[in-house]
Amino acid sequence: MAPTTAAAAAHRPSPFSREVRRWRALRRMSQLELAALAGTTQRHLSFIESGRSAPGRAMVVRLAESLALSLRERNALLLTAGYAPAYEESPRDGAAIEPAMTALRSILTGHLPYPAVVAGPRGELVLANAAFEVLTEGAAARLLEPPVNVLRLALHPEGMGPRVVNLAAWGRHVTESLRARAAAHPDGGLDALAAELAGYLPAGAPPGPDHLGFAVPLRLRTAGGELRLLTTLTSFATAVDVTLAELHLEAFLPADPETAELLRRRAAARGAAPAG
């Protein structure tokens with residue numbers, strides 16, 4: 001016998017149910033895989049996704065963690081399920097995350113004479129050390145007006161772009177990393193930025209063998225000579241604050257002794273005290 005209208009409505013997938021299915025499809029996980037990770041049964045997860053069962057707050061949190069959602073995405077999923085967010089989102093100049101910001105400033109200073117920056121999720125500059133000036137050399141003033149976007153600065157034809165010797169290879173690394181992040185954590189702003197940055201790269205240029213065997217270096221022309229730099233990314237893996245979790249520190253390291261020496265000389269010219 002066909003279900004009554006009331007029964008059908010009662011089992012209609014909710015916005016939360018649709019979100020769980022969407023994230024599971026994005027992660028390419030079966031119901032059985034997600035259920036096992038979340039510590040529940042496939043039957044229970046099937047009921048959740050069909051709208052036949054309303055999960056408790058703890059189950060929503062476990063599902064969000066199992067789907068590897070960011071803290072911001074976890075809060076959004078909780079709200080969709082009708083629960084309050086679990087993670088605070090502090091202002092960047094707020095007292096709650098000031099100890100972490102102080103630690104980041106200390107790391108930036110300790111990384112001298114090499115450049116390092118702290119950026120937000122879409123490349124917005126939050127902090128930088130004195131050696132950052134080697135990246136802004138010759139850039140258009142409008143690209144250096146707050147809020148500075150370090151990703152745009154890196155590839156823009158009025159930014160670092162004309163000074164990047166291997167713009168095609170290194171720029172592809174930047175844009176592909178951005179696209180991978182947007183695919184894992186859908187964000188229209190990231191998609192738009194990735195499309196913009198891709199437009200600054202040489203058309204049809206092959207990847208080429210311009211690497212060190214394990215990484216693509218940034219080859220950057222400067223007034224004192226060419227720099228060959230490797231980059232590392234660091235984040236707060238155990239952050240429980242949305243703002244802090246979305247920050248990452250990008251540190252540039254010399255790929256050869258000549259680059260290290262050139263950066264030490266620049267630091268001395270600035271009157272800085274080079275590290276190491």
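Student: Where does Pro113 lie?

Tutor: Pro113 is in the loop between helix 7 (98-110) and strand 1. Helices (H or I, at least four residues) and strands (E, at least two) are DSSP runs, numbered from the N terminus. This is a predicted model, in which local features need pLDDT of at least 70 and side-chain atom pairs count only at pLDDT 80 or more, whereas totals for chains, interfaces and linings use all residues. Residues are numbered from 1 along each chain as its sequence is written, and side-chain values use heavy atoms, with hydrogens and water left out.

Student: What kind of peptide bond joins Leu112 and Pro113?

Tutor: The bond between Leu112 and Pro113 is cis, and its omega is about 15°. Another cis bond runs from Pro146 to Pro147, with omega near 0°. Pro147 belongs to the loop between helix 8 (133-136) and helix 9.

Student: How many bridges join strand 1 to strand 2?

Tutor: Three bridges link strand 1 to strand 2 (residues 125-128), and these two strands also run antiparallel. Ala119 stands opposite Leu125 of strand 2. The hairpin of these strands has five residues between them, and Gly123 there takes a positive phi near 85°.

Student: Switching to helix 3: which of its residues are buried?

Tutor: In helix 3 (residues 31-38), the buried residues are Gln31, Leu34, Ala35 and Ala38. They are on the same side of helix 3 because they cover an arc of only 100° around the axis. The arc is that of the directions from the helix axis to the C-beta atoms. An α-helix has 3.6 residues a turn, so residues three or four places apart point the same way.

Student: What do they pack against?

Tutor: The buried residues of helix 3 pack against helix 2 (15-26), helix 4 (42-50) and helix 5 (57-66); contact means heavy atoms within 4.5 Å. Leu32, Ala36 and Leu37, on the other side of helix 3, are exposed. Just after helix 3, Gly39 has a positive phi of about 75°.

Student: What about helix 11? Which residues are buried there?

Tutor: Helix 11 (residues 188-198) has Leu190, Leu193, Ala194 and Leu197 buried. They line one face of the helix, because they fall within an arc of 100° when seen down its axis. Helix 9 and helix 10 are what these buried residues pack against. Gly188 and Ala195 are exposed on the other side of helix 11.

Student: One more on burial. Is Thr259 buried or exposed?

Tutor: Thr259 counts as buried because its relative accessibility is 0%. Thr259 is found in helix 13 (residues 257-270). Leaving aside residues up to four places away in sequence, Thr259 touches Glu226, Leu227, Arg228, Leu229 and Pro254.

Student: And overall, how many helices and strands are there?

Tutor: The protein has 13 helices and five strands. Of its 276 residues, 41% count as buried.

Definitions and conventions
Pairing = 2+ DSSP bridges. Buried < 20%, exposed > 50% of the residue type's maximum accessible area, 1.4 Å probe, protein only.
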